[in-house]
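User: I'd like to go through this model one question at a time, with the numbers behind each point. Shall we start?

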Amino acid sequence: MSRVYLVQHGVAEPEDVDPERPLAPQGVEETGVLADFLADELAKSGSGAHPDGPGEDGPLRLEFWHSGKLRARQTAEILAGRLGLDLTASVVQKQGLGPKDPSGRFLTDVLDRSSGIVVVCGHLPFLHQLAADMASPPARG
């Protein structure tokens, strides 16, 4: 795995307004700001990240993973779209990214088998625990 960005989904509508909890206008706007930041970071890194990578000496593979919940998917789609990427190639639903899913298994089963750049669009408390596990991985036997 080359690089991972952890992104909490944008601000969502309250459940009493819409049970699916799509992004609120504020969440859409803030995610756009984050997309601009991410574009700058990728440009500075010289990664040439692209959803069709990696090629031999070519760009790194760039994927946006989400939990399947609408607000996380919308966050991933906005980020990828603002970077000019094909959403079907770069936005991927992954199991194990739900708010209460165990992060250790996700780290072992998914992230350790990935290469390129992955932007994980998810939820708290999952992202908090995933960050802690990445900073200090549990012992593996």
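**Contacts and confidence**

User: In the protein chain, what share of the contacts with a separation of 6 or more do residues 24 or more positions apart account for?

Analyst: Residues are numbered from 1 along each chain as its sequence is written, and side-chain values use heavy atoms, leaving out hydrogens and water. A contact means heavy atoms within 4.5 Å. Of the protein chain's contacts with a separation of 6 or more, the share from residues 24 or more positions apart is 68%.

User: Which element of the protein chain has the highest mean pLDDT?

Analyst: The chain as a whole has a mean pLDDT of 84, with 80% of its residues at 70 or more. Where pLDDT is low, the predicted coordinates should not be read in detail. Among the elements, helix 4 (residues 103–109) has the lowest mean, 79, and the highest belongs to helix 2.

User: What pattern does the protein chain follow along the sequence?

Analyst: Helices (H or I, at least four residues) and strands (E, at least two) are DSSP runs, numbered from the N terminus. There are 5 helices and 4 strands in the protein chain. Read along the sequence, they give β-α-β-α-α-β-α-β-α.

User: How far apart are the end C-alpha atoms of helix 1?

Analyst: The expected span of a helix is 1.5 Å times one less than its number of residues. Helix 1 has 21 residues (25–45), so it should span 30 Å. The model agrees, with its end C-alpha atoms apart by 30 Å.

User: What do the buried residues of helix 2 pack against?

Analyst: Those buried residues are Leu70, Arg71, Ala72, Thr75, Ala76, Ile78, Leu79 and Ala80. Their packing partners are strand 1, helix 1, strand 2, helix 3 (87–90), strand 3 (91–93) and strand 4.

**Individual residues**

User: How far is the backbone nitrogen of Gly10 from a polar atom of the side chain of Thr75?

Analyst: Thr75 is in helix 2 and is buried, with a relative accessible area of 0%. Beyond its neighbours within four places in sequence, Thr75 is in contact with Val7, His9, Gly10, Leu23, Thr31 and Cys121. From the backbone nitrogen of Gly10 to a polar atom of the Thr75 side chain, the distance is 3.1 Å.

User: With which side chain does that of Glu63 make a polar contact?

Analyst: Glu63 lies in strand 2 and counts as buried at 14% relative accessible area. Not counting residues up to four places away in sequence, Glu63 touches Ser90, Val92, Ile117, Val118 and Val119. A polar contact is a pair of N or O atoms within 3.5 Å; within protein, one must be able to donate a hydrogen and the other to accept it, and residues adjacent in sequence count only if both atoms are side-chain atoms. At 2.8 Å, the partner of the Glu63 side chain is Trp65.

User: What is the C-alpha to C-alpha distance between Gly116 and Arg3?

Analyst: Gly116 is in the loop between helix 4 and strand 4, and its relative accessibility of 4% makes it buried. Gly116 and Arg3 are 113 residues apart in sequence, yet their C-alpha atoms are apart in space by 6.5 Å.

User: What is the phi of Arg21 near?

Analyst: Most residues other than glycine have a negative phi, and most peptide bonds are trans. Arg21, in the loop between strand 1 and helix 1, is partly exposed at 25% relative accessible area. Its phi is positive, near 55°.

Key. pLDDT is the predictor's confidence in each residue, from 0 to 100. Buried means under 20% relative accessible area, exposed over 50%, partly exposed in between (1.4 Å probe, protein chains only).
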